[in-house]
Amino acid sequence: MASRILNRSSLLAATNAALKTSKVLKPTTIRSLSTYDKHKDVLEALGISKQNKGVFDGEWKGSGSVMQSINPVNNEVIAEVTTGSVQDMDTALDKVVEAQKIWREYTIPQRGQVLLAMRNALAANLQPLGKLVALEMGKILPEGVGEVQEYVDVLDYALGLSRSMSGSFIPSERPGHAMIETWNPLGVTGVISAFNFPVAVYGWNQAIAFVTGNGVIWKPSPTTPLCSLAITTLLEKVLREQNLPPSLCSLVTGGTEVGHKLVTDKRANLISFTGSTAVGKKVGITVQERFGKHILELGGNNAIIVTEDADIEMASRAILFAAVGTAGQRCTTARRLIVQESVYDKLVGKLKEAYKQVKVGDPLDQGILCGPLHTKSAVEAYEKALKDIKAQGGDILYGGAVIKDGELAKGNFVMPTLTSVTADMDVVKNEVFVPILHTMKYKTFDEAIHMNNNVAQGLSSSVFTSDPAKIFKWIGPAGSDCGIINVNIPTNGAEIGGAFGGEKETGGGRESGSDSWKQYCRRGTCTINYSGQLPLAQGINFG
Ligand code: NAD
């Protein structure tokens, strides 16, 4: 993703470009921090000033360049952050390694009590944090609050784990021997997160890494630093209250350089990376080169299949949320709609009507369903995708335009878009992180499953059907090849209790629920001989 860090000359260029499209916007508007002043109460309550230090390793500092957090509604600066340097990352790694030596000695139920305090601190700040997510990332307020709630939920889940995580007692073939499986912390988990879930992705990792006894170091997206500052400030307070070293939850904001330092450093035993497939591939190779562990949560190209026996009304409501929610900027956003030809016209007709009702606008305003894209470069990606669709013979059924009139012209607003394409076109093969939903027809259910699977990515998938035979085929060995396989619900909006992640170029990682916690641990197989004899396995007699 292209960075939104603006230096002074690019600010001037952006201002000049904006002046061409708007008489209202003056150069001073961008530098005036008026967004800060407008939302001062929330920002101050979360400890965010107009200028901030972007590194926390037990103390707040930062010796890297100054980064500006931009409001996607109007491209004004919200606040500035002095980011971390490679040296700051190096020091923070030392600090978190030392702190983890204390944390790993806590019993797991004791760790649970610390997680409970973190959970309560977040829950008490649910609304301001949700508002900050909406302001900085651009998703609508209910989704911003929902994202923070997801972190609260994962902390609840981790608290439960603190009383239930268990290993196995394995039958030994040797008399007087016990075989036990142990799960101990890996050490340090490095979390590199994407812009689109600036709180929840860290939450999934922090809660589970923490309950399993790891220290955590976070390198957030360079375009959502304020969310990471607010969360780290809350965690710092809890850790201090619990007499724990606050560097257990360290933070280093910045771009590729500090991310690369984290990825290459052996002190980060596990790298949990969430982002694009292109960057994730490099990260995976780098971590593998040093025999570190990694969890890769990468891009998706998610499809919804609608069969002839589906509840079309319910399907159309779900598709709207899946394709337009978060302005198409969820990893689980539905990008392809595969419809049995006999119900295609009916479903697409309903969708066009539903799309007309979608209000695009400021994500903090009531009634808005579609906020802006996060960056100007995302708007360019949207425009390029429209050109490609037309060049490859696809049709635009609805939308297909950047909003260039009125107040919204200052921001990164686009029309949610429906297309008509065929499955063999290149445009349906890649993830473009914008609200474009490609619709296509199928004849047989086998053909629909093939279309679902015939892309490089494998994150989320859904079928809408009332036929049990189709449901069981879909979830079986010849069904969807994705990590998330849904029936009669959208591709997005996963619950935290299941393992979250995808196959193929989505990276193969799993986070949050089920037994994902095991990835944050080193597994020990311990055989304990209490027999006083030395019988060997497989009956071997050695001397
Ligand atoms: P991105 O790949 O541009 O950036 C992700 C993170 O990687 C950022 O923090 C960035 O600074 C860092 N980074 C960039 N280069 C690096 C390097 N060489 N070494 C280490 N770190 C580096 O992704 P983005 O645009 O922020 O996010 C959108 C993408 O994330 C989409 O593809 C989306 O599908 C994906 N995503 C996936 C999931 C999932 O769970 N599968 C969840 C959310 C987002």
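Select Arg 336 and the backbone of Asn 301: the backbone oxygen of Asn 301 lies 2.9 Å from a polar atom of the Arg 336 side chain. This is a polar contact (a pair of N or O atoms within 3.5 Å; within protein, one must be able to donate a hydrogen and the other to accept it, and residues adjacent in sequence count only if both atoms are side-chain atoms).

The model is predicted: local features need pLDDT of at least 70 and side-chain atom pairs count only at pLDDT 80 or more, while totals for chains, interfaces and linings use all residues. Residues are numbered from 1 along each chain as its sequence is written, and side-chain values use heavy atoms, with hydrogens and water left out.

Next, show strand β14, residues 334–340, where Arg 336 is placed; strands are DSSP runs (E, at least two residues), numbered from the N terminus.

Now move to the ligand. Select Leu 298, which has a backbone N or O atom 2.8 Å from a ligand nitrogen. For Phe 195, a backbone N or O atom lies 3.1 Å from a ligand oxygen. Finally, select Glu 297, where a polar side-chain atom is 3.4 Å from an oxygen atom of the ligand.

Terms used
Helix = DSSP H or I, 4+ residues; strand = E, 2+ residues; numbered from the N terminus.
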